[in-house]
Amino acid sequence: MKYTYLTLIISGLTYISCTNEHITYNLNDLKKYLYRTDSFYCTSVKCINNYFKVEWKGNSHFYFDSINKYYYIVNNTYSDTTNWRNLDNSNNLKESIIFKLKDLSIGNQKLYSFNNNNASYKSIYLSMVGDGDVIDAVWNLDSKFNNFITITKVDTNLKVIHGVFDCNFIIDHKSNHANHFFNISFTDSKFIANFRQ
């Protein structure tokens, strides 16, 4: 089964590269990264350029920016989950799906690009390299799609929120050496996020 899946990926990449004048795509966009089992989580289906689908799992937390008065829900994956030398949460970071929300009201909210200064509900997707401290590529929301987040439960006692989302991203900018996929979407996404200071 592994070899069949690998053959399909290679065949698909060959087809894409042939139809796009021999562009070599970054296979890290297809990679399943790790998540920390001792933390809250997010699950999703990551779809790349409408060709490939991979199961996506990450860790989820939220915090409140008291200066700008916004909540941030952050979903991360990692290249290594070993907590050696008490490294912080950003160490070995590989991907982040970030939501910036004016409030945590239960219900459905339409999402907009981080570039939209007037929007109260936004999302962005980032890819990191190195030890997780260098942004390699940024995808903003594609306004042609219905991008949304729905908060389904807020537990004020446990400081935990539950929700679902669907987001379709289009690449905004990337480092010179990177050749990432143009469109990445996250569908059938569910998260349980805990509060962090």
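Three salt bridges are counted in this structure, which is a predicted model. The chain that holds them has one helix and 11 strands, and along the sequence these elements follow the pattern α-β-β-β-β-β-β-β-β-β-β-β.

**Salt bridges**

- E95 and K46 form a salt bridge in which the closest N and O atoms are 2.7 Å apart. Because E95 belongs to strand β4 and K46 to strand β1, this pair ties together parts of the chain that are 49 residues apart in sequence.
- Both partners of that pair, E95 and K46, are buried.
- A salt bridge also links E55 with K57, and here the closest N and O atoms are 3.9 Å apart. E55 is partly exposed, since its relative accessible area is 45%, and K57 is likewise partly exposed, with a relative accessible area of 31%.
- The side chains of K144 and D142 meet in a salt bridge with an N to O distance of 3.6 Å. In this pair K144 is exposed, at a relative accessible area of 67%, whereas D142 counts as buried, at 6% relative accessibility.

**The chain as a whole**

- The chain has 197 residues, and 45% of them count as buried.
- Among the contacts in the chain with a separation of 6 or more, 60% are accounted for by residues 24 or more positions apart.

**Strand pairing around β11**

- Strands β10 and β11 pair in the antiparallel sense over 10 bridges, and in this region I161 stands opposite A193 of β11.
- Strand β1 also pairs with β11 in the antiparallel sense, in this case over six bridges. K46, which takes part in the salt bridge with E95, stands opposite F186 in β11.
- Strands β2 and β11, by contrast, run parallel and are joined by two bridges; the bridge partner of F62 in β11 is F195.

**Nonpolar cores**

- The largest nonpolar core has 28 residues, of which I73, F99, L101, I149, F165 and F191 touch the most other members.
- At least two residues of this core come from each of the strands β1 (41–48), β2 (52–65), β4 (93–101), β7 (121–129), β8 (134–141), β9 (148–155), β10 (160–174) and β11 (183–195). The largest share, five residues, is supplied by β10.
- Leaving out residues up to four places away in sequence, L101 touches Y70, Y71, I73, L111, S120, Y121, I149 and I151.
- Another core, of 10 residues, lies apart from the largest one, and its members include Y78, L93, M128 and V138.

- N76 lies in strand β3, which covers residues 70–78, and N76 counts as buried because its relative accessibility is 5%, under the cut-off of 20%.
- The side chains of N76 and S96 are joined by a polar contact of 2.5 Å. Apart from its neighbours within four places in sequence, N76 is in contact with W56, G58, N59, H61, L93, E95 and S96, and in this list E95 is the residue that forms a salt bridge with K46.
- S60 lies in strand β2 and is buried, with a relative accessible area of 1%.
- The side chain of S60 makes a polar contact of 2.7 Å with the side chain of N75.
- Not counting residues up to four places away in sequence, S60 touches F40, Y41, C42, I73, V74, N75, F191, I192, A193 and N194. Among these, I73 and F191 are members of the largest nonpolar core, and A193 is the residue of β11 that stands opposite I161.

Conventions: Residues are numbered from 1 along each chain as its sequence is written. This is a predicted model: local features need pLDDT of at least 70, side-chain atom pairs count only at pLDDT 80 or more; totals for chains, interfaces and linings use all residues. Side-chain values use heavy atoms; hydrogens and water are left out. Helices (H or I, at least four residues) and strands (E, at least two) are DSSP runs, numbered from the N terminus. Buried means under 20% relative accessible area, exposed over 50%, partly exposed in between (1.4 Å probe, protein chains only). Contact means heavy atoms within 4.5 Å. A polar contact is a pair of N or O atoms within 3.5 Å; within protein, one must be able to donate a hydrogen and the other to accept it, and residues adjacent in sequence count only if both atoms are side-chain atoms. A nonpolar core is a set of buried Ala, Val, Leu, Ile, Met, Phe, Trp, Tyr and Cys residues joined through side-chain atoms within 4.5 Å. Two strands pair if DSSP finds at least two bridges between them. A salt bridge is a side-chain nitrogen of Lys or Arg within 4 Å of a carboxyl oxygen of Asp or Glu.
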